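Student: Hi! I'm new to this one. Could you walk me through it?
Tutor: Happy to. Take a look first, and then we'll talk.

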Amino acid sequence: MQVSDILRVKGNALYTAAPDEPLADAVSVMAERDIGSLVVMEQGELVGMLSFREVILAMVKNGGSVAALPVRSAMDDAPLTCTLETDIDAVRRMMLDHHARYLPVMERKLLMGVISFYDVAKAVVDSQNFENKMLKAYIRDWPEQTAGSD
């Protein structure tokens, strides 16, 4: 399974922020859309990733307020990325090794989507459920398949 398989099921709604946008506005978008991250884009280029983790760290650093801060001051300016062809096992390892909850999906310099740890976990569980159903159907039908082989 590849990242493209996850995006095909998930859809391609993308939410972005600009690095000089007020952090409070970005947080409002995240809350209104019930999303955990925004890809930070500047002149069509990926320049960072903003998740609630970075927002919380910025709040702690600034005494609980983010009103006067730009997105740039809180974003991760070196986010991990993957491509449409990245294997899901590689994505799981990247996310676990780097404690990343969100990965922008890039094709060259073009943003194709964002996958979350939840998206990856759901894809793995769905795949395992499908395999289990197929195996149970095979086992259930097995006596019929071998009956005439004597």
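Tutor: One term before we start: contact means heavy atoms within 4.5 Å. Also, keep in mind that this is a predicted model.

Student: Got it. Which residues is Ala-26 in contact with, leaving aside its neighbours within four places in sequence?
Tutor: Ala-17, Glu-21, Leu-38, Leu-50 and Val-71.

Student: And which residues touch the most other members in the largest nonpolar core?
Tutor: Ala-26 is one of them, along with Leu-23, Leu-38, Leu-50, Ala-58 and Val-71; that core has 15 residues. At least two core residues come from each of helix H2 (23-33), strand S2 (37-42) and helix H3 (52-61).

Student: Which element gives the most to this core?
Tutor: H2 does, with three residues. Apart from this core lies another one, made of 14 residues, including Val-91, Met-95, Ile-115 and Val-120.

Student: Why talk about nonpolar cores at all?
Tutor: Because nonpolar side chains tend to be buried together in soluble globular proteins.

Student: Switching topic: how many helices and strands does the protein chain have?
Tutor: There are five helices and five strands. Along the sequence, their pattern reads α-β-α-β-β-α-α-β-β-α.

Student: What share of the residues count as buried?
Tutor: 32% of the 150 residues in the protein chain.

Student: Last one: what part of the contacts with a separation of 6 or more comes from residues 24 or more positions apart?
Tutor: Such residues account for 53% of those contacts in the protein chain.

How values were computed. Residues numbered from 1 in each chain as written. Predicted model: local features only at pLDDT ≥ 70, side-chain atom pairs only at ≥ 80, totals over all residues. Heavy atoms only, no water. Core = buried A, V, L, I, M, F, W, Y, C linked by side-chain atoms within 4.5 Å. Buried < 20%, exposed > 50% of the residue type's maximum accessible area, 1.4 Å probe, protein only. Helix = DSSP H or I, 4+ residues; strand = E, 2+ residues; numbered from the N terminus.
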